[in-house]
Amino acid sequence: MSIQVLMPALSPTMEKGNLAKWLKKEGDTIKAGDVIAEIETDKATMEVEAVDEGTLGKILIPEGTADVAVNTPIAVILSDGEDASAADAAKPAQQQKSAESAPPAAKEASAPRKAPSAVAEPPKPAAPIEPDVPEGTEMVNITMREALRDAMAEEMRRDKDVFVMGEEVAEYQGAYKVTQGLLQEFGPERVVDTPITEHGFAGLGVGAALAGLKPIVEFMTFNFAMQAMDQIINSAAKTRYMSGGQIGASIVFRGPNGAAARVAAQHSQDYSAWFSHIPGLIVIAPSNAADAKGLLKAAIRDPNTVIFLENEILYGQAGPVPKLDDFVLPIGKARIARRGNDVTIVSFSIGMSYALKAADELAKQGIDAEVIDLRTLRPMDSDTIIESVKKTGRIVTVEEGWPQAGIGAEIAARVMAGAFDYLDAPVTRVSGKDVPMPYAANLEKLALPSVAEVVEAAKSVCYR
Amino acid sequence: MAVAKDKAQPSAARRPDKPSEQGSVPELSKEQSVSAYRDMLLIRRFEEKAGQMYGMGLIGGFCHLYIGQEAVVVGMQMALKPGDGVITGYRDHGHMLACGMDPKGVMAELTGRQHGYSRGKGGSMHMFSAEKGFYGGHGIVGAQVPLGTGLAFASKYRGNDNVSLTYFGDGAANQGQVYESFNMAKLWKLPAVYIIENNQYAMGTSLARASANTDLSTRGASFGIPGERVDGMDVRAVKDAAERAVTWCREGNGPMILEMLTYRYRGHSMSDPAKYRTRDEVEKVRNEQDPIEQVRRRLLEWKWASEDDLKKIDAKVRDAVNESAEFATVDPEPDASELYTDIYAQAAR
């Protein structure tokens, strides 16, 4: 059966090209893989290789022809024993036939579908799950550092696939002592000191997760995670999607994020907005010991890639944590830290310190602020924010990160979409200043948000 | 030899300057030869078809063909057992077929259809099969190396004797993360075989123009990782080296590097004008070293197969490839609702 050779495309956008040269002539024998012609566009030249075997029966487009449309028949290849007259009856190499069966791998990959939404979010549980903290549960006062350590230790006891790796996590007991005691309890196989090699060990952790383990990768600080950004985003966050749901990375990247104190620009940066931009990541930023414990336990169990943003300044702050065998909090649920009616203040992580102090100050001035702790930045609990704004009509966002394309900007857009008619004042942001972090003590203080700025912003949206 | 001496380092390391100068290699059995012939031919014909379908506009984006390099994956795969992991970069169609993935599912992914391995969301460079131990298909040059090292870490963590095969090219061999991985793999004695597919060109840049040290088998020297240079056009030599490396890893000796001297006949990707090398260079390799032709010649010479037997194999392979192409042409595109699926997995509550 004779077969037509069609004008190929060099790229998906190519529509036509020049047939520069024929390297075979009519009557030549052709093997699959033989170069038979050269085609060119203004950008490139390319060889046309035969895919089928036979004899070059007829050249339909002579060499030197310009502007040959893609998929135009350019020659006819005859199979053994055919004569040139068959060339006229040639049919295109590609035939359409109906698919009879799906490949087995594709079949088994089918899973329930869900309706599209504007922003990709993990499926929500049917009913909101609040932790079951029974009345009269004893509360213990522990630091956030201890809460995080306890969360890891409990999950490592529970699941032998969970391990922790990072710089100085084992023998040194953690650069910020968050992994204190883990080496002694779990041994060096599960508490792994790495070389200073963020790109490498982040990627190694993702590989271990693709193989089914549940790594907790500690960055000494998130500033160093930029070395590993490609592995976090391209390898961890996107693989589930790129594999059609077959394989994903259940892994937690955790460590201190944001400004510490007097460590200047390269060591003082808030990555909240960076990571929350990425579909496929879950981003958590707790403000207190109880949330830190309950959410880190949830993060370790979660089948997805979780960025867990801690804060060095908060590590030493103590707070009440329920004394329960298994205290796990839901990911993606904001917490109303203080109820009020006049203005909504939304924040997270260390920003909550400014927000709550500002609310105290505002109360003295007769303004009753509602304070929301986002806790999870992605998926963001818009409902809680919007419900609050419907009540107060005013909102101020507080974060240490930069203003452009920040968490506050995202909240502003969501409030505009979800509660536009309820707003009595423009959404107002309090953020870190739009500068690299300076070293000088006075400048550093100016670069960060302050309680006074939050108070002022809240008063301004209340027109006071 | 420039590799750091490690105790019990495989001593059989042969590193001919040119593939043709190799020493004697253990022969394959008749069954192994026939099977290698079939597996390599499947990759060759599949890739030719993919090239054709790209030309017809059925495959979009980037498409990197494996034609010429078939002996590498087919020989390596002969040393594996269930549970071993394989990971590679973006020139991955051959690896998937060698792992036993269904040509229909692979081709349907290339055309972006709903029964592709990634339901049309991955494309040529991003395909996976948990079932076949194939961990991708990665589009960022070199990124698969830490990932493959992590697969090896998981084997060691679980205390089994599985190994991971991490493939990368001569171009990726200059990425920093490769050396970060080498260091950890050796430090923790991870069962990682690193296969450097040296096809002589990183896109359009020849090895000599990009690498201060062009003997890639020595790239683990400063970590004490043994390396071998292998004739990657001879499936017997590949299988022989693969068995040595895989055994070395299974026995807990840590990682090993195999530099496969190979050659891609086609351009870097479909849009490569290939002006950096001559047609004669390509033709010479093709005529003198073609991995499939080598096996074919031996099969006929030793009367392990007749021309007719081989024709039957050819026809079967061609049928399978045509079937995959037809399937990939008529299979529907993914449903619009697929846009928002597979981003997150549901947490167990």
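**Terms set against their definitions**

Tutor: Y463(A) counts as exposed, because its relative accessibility is 57% and the cut-off for exposed is over 50%, with buried being under 20% and partly exposed in between (1.4 Å probe, protein chains only). The model is predicted, so local features need pLDDT of at least 70 and side-chain atom pairs count only at pLDDT 80 or more, while totals for chains, interfaces and linings use all residues. Residues are numbered from 1 along each chain as its sequence is written, chains are lettered from A and ligands numbered from 1 in the order in which they are written, and side-chain values use heavy atoms, with hydrogens and water left out.

Student: What makes the phi of Y463(A) worth noting?

Tutor: Most residues other than glycine have a negative phi. Y463(A) is not a glycine, yet its phi is positive, about 55°. This residue lies in the segment after α13 (451–461) of chain A; helices are DSSP runs of H or I with at least four residues, strands are runs of E with at least two, and both are numbered from the N terminus.

Student: Why is D342(B) called buried?

Tutor: The relative accessible area of D342(B) is 11%, and therefore D342(B) is buried. D342(B) also has a positive phi, near 70°.

Student: What makes E155(A) and K297(A) a salt bridge?

Tutor: The term requires a side-chain nitrogen of Lys or Arg within 4 Å of a carboxyl oxygen of Asp or Glu. In the pair E155(A) and K297(A), the closest N and O atoms are 2.9 Å apart, and the pair forms a salt bridge. E155(A) lies in helix α2 (residues 144–158) of chain A and K297(A) in helix α8 (residues 289–301) of chain A, so the pair ties together parts that are 142 residues apart in sequence. Both E155(A) and K297(A) are buried.

Student: How many salt bridges does the rule give over all chains?

Tutor: The count comes to 49. Among them is R44(B) with E70(B), whose closest N and O atoms are 2.5 Å apart.
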